[in-house]
Amino acid sequence: MPSTCCQRQDVRPSNAATVAAPPPTSTSSDELVGIVDAAYSARAREGVTATYAKTVAEAFGYTEEELNTVPEGSHMGLSCGNPVATATIKEGETIVDLGSGGGIDVFLAADKVGPTGKAIGLDISEDMIILARANAAKKGLKPPHVAFVRAALTEPLPIEPESVDCVLSNCVVNLLPLEGKASLLKEVHRILKPGGRIVLDDIVAKKPLPDNIKNDLAAYVGCIAGAILVDEYKALLKDAGLSNVLFVDTKNDLSVYYQTTSTDSQAIVQSCCTPLPAGVPVSKPTYDINEWVASYQIFALKDGVIPSTNPPTALLRWWDAYPTVKSAPSSVSAEEVVALIRAHPDPATPRDFAVVDVRRNDHAGGHVRGSHNWHAQTFYDDLPSFFAKFKDTTRVIFYCQSSNGRGPRCAGWYQDYLDAHKGEHGSASYVLKGGIKNWLATFKGEEDLIDQD
């Protein structure tokens, strides 16, 4: 969809966007999700002024001390509360943040769970995930301790069942269509451990919204038109299987989104322009936002006794915490690798190739003689040091058990890294066809080709 420019200098809240007809009532759920994705992706790319972000964050309960511990770009004026402050997060727990944005709540939670815990952010926007990962890098935070994963919150979450102690969210559930809200809360119940809890900060309707608000797509993207009544929200939580539900009206003044200095106003107007259909210009609502909606903090529990042990992982797929591979490295046959090894039988002498085993827990049982072991689960984070070691190696050949998953993925990550550093190396990435499974079956008993642990 083409980008549009703001046509007036009116100020709209920084968590809103330039929007257009058709209104929400005639827009499909998938279209609404796509529009929200586009709006917040633009926010991730364009950002807001530091002054505006700090003003909104402090208005919704973040302390100066908390804000000083997180990268500046992790809080973007998109909050309506501070869920971490009341979530009683303990060391060693696993926390999931729904709609994690620039990462502020994940980073605050990570400080509380400590090195033995996990803090995972989920967001539909690829641009937000890129931003959050960059912010995590500034703090030296890596998976599995801290992970940011792209996920559509209206679909099954990429999280293992009964693996999460606490689910957080901050001004996000209201952005989902009604059926999306319902399915998300059922997914929340699925991923929570027995005895697990939720702390959601969200915008809730004080009374039924009139058509002029419900049909305003700008108000929807701005977290207003998608708000539902407390009783409707409670019904969704109950249907999801959650109990001990408590709604607390925070009494926050939502007009803070429009309260800017003259210095910030222009920056906010410009940052509101998002890649949405051409239509109405960005403007401040003509109604009093506080009359119709309010920020609430919502608590609930999953029935059951909290287990004494933690599952080994929470992410359904560990590689979701890393960028998707862009390249497609070529494959080499086992016979081609044999020729390379036998032409250079002494691993201690210089070689123009390297064979890399990316297995970890299944590394036992034999491997290609002379191969290097770099675990797939930490390979992406180790790319700079891997590059430094192998950048002048002509052929770097990766394998795993069958070379269908980890091997090609690590080879792709390495090739992507090489492509991003052209002119700095003489290396290329390859995948061993059939992996170690085929290698052991083909060359059983040939000691110059197989090494045992």
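In this predicted model, helix 14, which spans residues 383-390, has as its buried residues Leu383, Phe386, Phe387 and Phe390. Seen down the axis of helix 14, these buried residues fall within an arc of 100°, so they line one face of the helix. The elements against which the buried residues of helix 14 pack are strand 9 (353-357), strand 11 (372-373), helix 13 (376-379), strand 12 (395-399) and helix 15 (406-420).

From packing we can turn to charge. Side chains of opposite charge can pair when their charged atoms come close, and a search of the whole structure finds 17 salt bridges. One of them joins Lys54 to Glu58, with the closest N and O atoms 2.7 Å apart; both residues belong to helix 2 (residues 50-59), where they are 4 residues apart, about one turn of the helix. Lys54 is partly exposed, with a relative accessible area of 34%, and Glu58 is partly exposed as well, at 35%.

Another salt bridge is formed by the side chains of Arg197 and Glu93, at 2.8 Å from N to O. Arg197 lies in strand 5 (residues 192-205) and Glu93 in the loop between helix 3 (64-68) and strand 1 (94-98), so the pair ties together parts that are 104 residues apart in sequence. Both Arg197 and Glu93 are buried.

The side chains of Arg359 and Asp357 also meet in a salt bridge, with an N to O distance of 2.8 Å. Arg359 counts as buried, at 1% relative accessibility, and Asp357 is buried with a relative accessible area of 0%.

Conventions. Residues numbered from 1 in each chain as written. Predicted model: local features only at pLDDT ≥ 70, side-chain atom pairs only at ≥ 80, totals over all residues. Heavy atoms only, no water. Buried < 20%, exposed > 50% of the residue type's maximum accessible area, 1.4 Å probe, protein only. Helix = DSSP H or I, 4+ residues; strand = E, 2+ residues; numbered from the N terminus. Arc of directions from axis to C-beta. Contact = heavy atoms within 4.5 Å. Salt bridge = Lys/Arg side-chain N within 4 Å of Asp/Glu carboxyl O.
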